[in-house]
Structures are given as C-alpha cells and as structure tokens.
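Look at the fold below before reading on.

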Amino acid sequence: MIRVCALYRFAAFPDPAALRAPLLAAAEAAGIKGTLLLAGEGINGTIAGTHDGIEAVLAHIRGLPGCADLEVKDSAAETMPFHRLKVRLKAEIVSMGVAGIDPTREVGTYVAPADWNALIAQPDTLVIDTRNDYEVAIGTFANAVDPGTASFRDFPEWFREHRDTLLAGKARVAMFCTGGIRCEKATAFLKAEGVDAVYHLDGGILKYLETVPEAESAWAGECFVFDHRVAVRHGLEQGEHQLCHGCRMPVSPADRASPLYEEGVSCPVCHGQRDEATRAGAAERHRQEMLARARGTAHVGARFDAALRRDDR
C-alpha cells in the first residue's frame, strides 16, 4: 500500500522561495510524488510514497519555521495516486483573495470529530460547507448550507451578501472542509467580519471519516479528494466516483451508466458542451492513454494531474 499524506500549516515564511529548492530536493531523494504549495502564509499539499519516504519529508517540513507541530492526515492507496512531484510557489496556500486574513493570529474554535455531531445537531447552529459546488454534490453533512461556489475565492462575497439571512436566529457558526485548511481560513475571515462564535471541524472531513464509526456518522456520501482516488468514504476507503476528463468533475456510478457518458471524453454534465472535433480528439487521446497504461508507461499522467490541479483545496 502507498501512504498518502495530506498536510498544511499556517506559518510565517518571510522568504518562501528560499525554502522551495531544499524541500524539492528532500522530496525527490525520498521518492515522493504529489504537490506541495509554499507561500508567505505557510505550506499546503498532498504527497504519496513509502512510509519511510513520507517520514523523511515530514521531518524536513517540521524543521521549517513554525512547523514543528505539523499534523497530517494519512490514508492509503493501492497504487501511486500521483504521476509527478511538484513544489510550487503561490501567493496563498489556499486562495481566498482577502488581504489581512491570518489564521495564526485569529481563528475559530477547533471541534474534535467526536464532538462534531452534537454541535451541528443544535438547532441554533448554522452549519456551512466551505467547499465548492462539485465537492458538495457528492457528499456533505445533514442540514449543511451549500454556498454553491465555484471557487473558494467566491466565499467571502457569498457570505457578505447573505450574512443577515444566514445568521438570523443562530447562536453560532460551524464550518467544515476536506482537510481543515479552507474552514480554518474561513473562520478567520468570519472573525474579521465580527462574528464571534465560530467553530470548525478539526482535521476536516478526512479526520471525521477516519475516526467516527459509520454507524454514528452524520456524513452522507463521499468526500472529494485532490488525487487520483477522486473520492473517499468512511474509513478513508477509496470511493466509487471517477473524474471526467472533459469537465474535470467527479462522476458517480449512476453518471457512468448514462448514455451521455463516454469514458475519457464527456459526462452528463459536459456532454452537450463539446463539438465533434473536440470529442474525437479526446476519444483518440483516451485510446492512447489506455495503450500506454497497458504498456506500463505514464502517458496518462499529464492530463490526469492537470485535471486534479486546483488552487483552492
């Protein structure tokens, strides 16, 4: 089994560019693949490899300023879920686009997965899913508000526009996301907007699915992840969703049974958005990818990794 490790840490990096080459070298030496993002506000990413290789990279990251207490979320995959290693410099490790938001200075109250159900069951708790629409569509918590955003950058405007309606009759706000990074930044944003009673799920959905028994769970569906597994379910087992190469959206077994689904070409969401020439080109590329996969080569990598490239994880 391949160890898959999701991580992030908000920390002050005065010169993130100076950290890139040593981190890349350490990850390459350890045989690690995946993506790591560096910015002035910290580090974020998901990597995969052997247990010892992951431990070597984590030791390097924990040696970075403010990262000694780095926590990670582990899961496993039967095959390597990434085709390459990337260490990228970004303006933000999670893109919100609001100046002055600093989770190291002010953030919401962390809620352990074991205590989450009781919090969101209270009728005067406003529960917000801070993820994007395509993620919410395949799984979320009961009674959670879906902002319907296409990007995390849309979240601040959405909240400001609907604030009065959202907060009416509510004593507190509880937010969640995949691994914790987006809701940590979202709680910092709400605190800056003057909302005092703000909570978020510690470790995100991934930690909840890992630690809360399915029989006691308030989660319904699967959780989208940013690697080739596409989605996971309780116990962090790989889910049933796949990724459409046409629109990069997750497709369920029901979607794949539709006459509008064509593997490697389109799904029911994007079927009518592609002309015949585009569809023919995609079909030929998919054929070549399948041949490359049968030969054990990595022709599929460039497109699959591009399809999973998101800046608002």
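Leu236 sits in the loop between β13 (231-232) and β14 (242-243). Helices (H or I, at least four residues) and strands (E, at least two) are DSSP runs, numbered from the N terminus. This is a predicted model, in which local features need pLDDT of at least 70, side-chain atom pairs count only at pLDDT 80 or more, and totals for chains, interfaces and linings use all residues. Residues are numbered from 1 along each chain as its sequence is written, and side-chain values use heavy atoms, with hydrogens and water left out.

The phi of Leu236 is near 60 degrees, a positive value in a residue other than glycine. Most residues other than glycine have a negative phi. Asn143 also has a positive phi, near 70 degrees. Asn143 lies in the loop between β8 and α5 (155-167).

Are these two residues buried or exposed? Leu236 is buried, with a relative accessible area of 10%. Asn143 is exposed, at 72%. Buried means under 20% relative accessible area, exposed over 50%, and partly exposed in between (1.4 Å probe, protein chains only).

## Helix α3

Helix α3 covers residues 113-121, and Pro113, Trp116, Leu119 and Ile120 are buried in it. Seen down the axis of α3, these buried residues fall within an arc of 90 degrees, so they line one face of the helix. The arc is that of the directions from the helix axis to the C-beta atoms. The face turned away from the buried side carries the exposed residues Ala114, Ala118 and Ala121.

What do the buried residues of α3 pack against? Their partners are β6 (109-111), β7 (125-129), β8 (139-141), β9 (172-176), β10 (198-201) and α7 (204-211).

## A buried glutamate

Glu135 belongs to helix α4 (residues 133-136). Glu135 is buried, with a relative accessible area of 0%. Its side chain makes a polar contact of 2.8 Å with the side chain of Arg182. A polar contact is a pair of N or O atoms within 3.5 Å; within protein, one must be able to donate a hydrogen and the other to accept it, and residues adjacent in sequence count only if both atoms are side-chain atoms.

Leaving aside neighbours within four places in sequence, Glu135 is in contact (heavy atoms within 4.5 Å) with Thr178, Arg182, Phe224 and Phe226.

On a 1 Å grid over the protein atoms alone, a cavity is a set of points where a 1.4 Å probe fits but cannot get out, and a pocket is an open set with protein on both sides within 12 Å along at least five of seven lines; lining residues have an atom within 4 Å of a point. There are three cavities of 30 Å³ or more.

| Space | Volume | Largest share of lining |
|---|---|---|
| Largest cavity | about 240 Å³ | β1, four residues |
| Second largest pocket | about 420 Å³ | β1, three residues |

The largest cavity is lined by 20 residues, and Ala6, Thr46, Thr178, Gly179 and Leu206 lie nearest its centre. β1 (2-10), β3 (42-49) and β4 (72-77) each supply at least two residues of this cavity's lining.

The second largest pocket has a volume of about 420 Å³. Of the 21 residues that line this pocket, Tyr8, Glu71, Tyr110, Glu184 and Asp202 are the closest to its centre. β1, β4 and β10 are the elements that give two or more residues to the pocket lining.

Definitions and conventions: Points joined across faces, edges and corners; volume = space filled by probe spheres on them.
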